[in-house]
Every structure is written in C-alpha cells, then in structure tokens.
Amino acid sequence: MVGERKGVDTRSVTGHSRYRAVLLMGAPGSGKGTQGGILGQIPGFYHFAMGDALRVINIRSDLGKIFYEYTSRGELVPDDVVIKFWAKNLDAHATLGDFKPDDDLLILDGIPRTVNQARVLQQHIQVQRIIHLVCRDENAMFERLRRRALKENRADDADEKVIRRRMKVYEDATRPVLEFYSKDIVAEVESVGSPARVLSQILTVLAPLQDQHFSGKLE
Ligand code: AMP
C-alpha cells in the first residue's frame, strides 16, 4: 500500500489517498462477525474480516504455518505479518473491483487489534466511526463461541483454555485500541438481543454516515 506500491495506483480516483473506514470492535463472541457479515450485504459497505482472510491461507504455506502457530494458542499473529498481508489483500480486492473505495465504506472487522496496528493503519485508512459491540454477559459470549466452533470447525474456539486466552489478549492488547481514537467517533452498541435488534442500532449510526459518503460530504 502507501509507500510500497509501484506502478499503477489502485486507490481512490477522488483524490483521497486513504480508504474511508468503520471499525467493528468487540471481544471474541460479541457478535462482530455476524454483524459484519450482514453489513457486508448492504450496497455501499465492504466488509473485510481479518480472521476470515487469515483462515483461508493454505496451512502448508509459510504464512499459513505462522497463522496456525499463533491462532491455535489464542495469540495474535505478529503485527508486521498481519499488516503486510492485510494491505496486499485489500489492494487486491480494490484492483479486482469487488471493493470500490470511491463507493464503498470499508467495514474493518478484527483489525486493528493492537495500538501499534492502529498507528500503522493510519497511513492506509481514515477511520470515520468505531462501532464498539459490548456484551457484559461472559457466559453468553462463551456460548456463542462454542456454538460457532462446532458449526465452523474452528479449533481456536472449541477449547475453553484457548477462549480464555483470547479474552485476555482482547483485554490486554485490543481494548486499548479504543483509546487510540477520539471518543467522539466511538459508538457503543449493546450486543444483546436478536441480530436484527443489534443491527438496527448499528444502522442508526452508520446510515447517516453512508448518506454523507454518498453525497461526497465526508472529509
Ligand atoms: P477472529 O476470527 O477475528 O477472531 O481471528 C482469529 C484469529 O486470527 C485471532 O485469534 C488471531 O490469532 C488472528 N488474527 C485475526 N486478526 C488479527 C490481527 N489484526 N492481528 C493479529 N492476529 C489476528
């Protein structure tokens, strides 16, 4: 991406050099993936889930081996590896045209996950809003993760020890990311109740943003 790209610039033709983005944040099991998936179906939003992008890497490749080594323990993949992969992957989607930076607001789910990632990402994205999904019921979060592990065959969420590690990593490394950004752009959404109810609250925040994006009024 910035500073790395040689040759044709795949970035916005409107002159904005950074992708406009919304961050979906929340602890494992807070429902980020579900909400991100639904938002990604709405025209004008492009959903990018870091965990999903990492999971499709061939496990026998060098990158796949690194990914498995960390994920299976509930640890974060090192920042430099993740950011390089993210940047290449997103640029490829922009080149292919399924992500249209001029039309689409980028919904980032699962990145940044450390303050260092947030700092580096500043070169690549303009964060317009952060949706912070809050679930105070730890049992409900565990239950969600376990159900998903069975459905999607995810080793990291099948083991209680790994889930606990993921929760701890979230508290220690990812929660501080919220403080990296201005409080004014953070919207807290309680992720309790039906997916439709949670979605309706998220849309209350994002619909006006999309209006501004479409009318060219976003900075
Ligand atoms: P997720 O599906 O978002 O819960 O991600 C699954 C796993 O992928 C995480 O537990 C990490 O091991 C790894 N991962 C996903 N996103 C990142 C990131 N931004 N930085 C480091 N590791 C990540």
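## A term and the model

Two strands count as paired if DSSP finds at least two bridges between them. The model discussed here is predicted.

## The chain as a whole

The chain holds 9 helices and 5 strands. Along the sequence these elements follow the pattern β-α-β-α-α-α-β-α-β-α-α-α-β-α.

Of the 219 residues in the chain, 46% are buried. Among contacts with a separation of 6 or more, 76% are between residues 24 or more positions apart.

## The sheet

Strands of a sheet pair through backbone hydrogen bonds, and the pairing can be parallel or antiparallel. In this chain, 5 strands make an open sheet in the order β2-β3-β1-β4-β5, and their pairing is parallel. At the edges are β2 (45-49) and β5 (186-190), each of which pairs on one side only. From one strand to the next, the twist averages 25°.

One of the pairings is between β1 (residues 19-25) and β3 (residues 105-109): these strands run parallel and are joined by 4 bridges. A21 has L106 as its bridge partner in β3. Helix α9 (residues 195-214) packs on the sheet, where it touches β1, β2, β3, β4 (125-134) and β5. The direction of α9 makes about 165° with that of β4.

## The nonpolar cores

The largest nonpolar core has 40 residues, and the members that touch the most others are F48, W86, L106, L108 and I125. Helix α4 (residues 79-96) gives the most to the core, with 7 residues.

What does L108 touch, leaving aside residues up to four places away in sequence? Its contacts are V22, L23, L24, F48, W86, L121 and I125.

## Around the ligand

The ligand is surrounded by 17 residues, and the closest are R55, E75, G110, R113 and Q117. R55 places a polar side-chain atom 2.9 Å from an oxygen atom of the ligand. For T71, a polar side-chain atom lies 3.3 Å from a ligand oxygen atom.

Which part of V77 lies 3.0 Å from a nitrogen atom of the ligand? In V77 it is a polar backbone atom.

Definitions and conventions:
Residues are numbered from 1 along each chain as its sequence is written. This is a predicted model: local features need pLDDT of at least 70, side-chain atom pairs count only at pLDDT 80 or more; totals for chains, interfaces and linings use all residues. Side-chain values use heavy atoms; hydrogens and water are left out. Helices (H or I, at least four residues) and strands (E, at least two) are DSSP runs, numbered from the N terminus. Axes are lines fitted to C-alpha atoms, for helices over the stretch in contact, and angles run from 0 to 180 degrees between N-to-C directions. Contact means heavy atoms within 4.5 Å. A nonpolar core is a set of buried Ala, Val, Leu, Ile, Met, Phe, Trp, Tyr and Cys residues joined through side-chain atoms within 4.5 Å. Buried means under 20% relative accessible area, exposed over 50%, partly exposed in between (1.4 Å probe, protein chains only). A residue is near a molecule or strand if one of its heavy atoms lies within 4 Å of it. A polar contact is a pair of N or O atoms within 3.5 Å; within protein, one must be able to donate a hydrogen and the other to accept it, and residues adjacent in sequence count only if both atoms are side-chain atoms.
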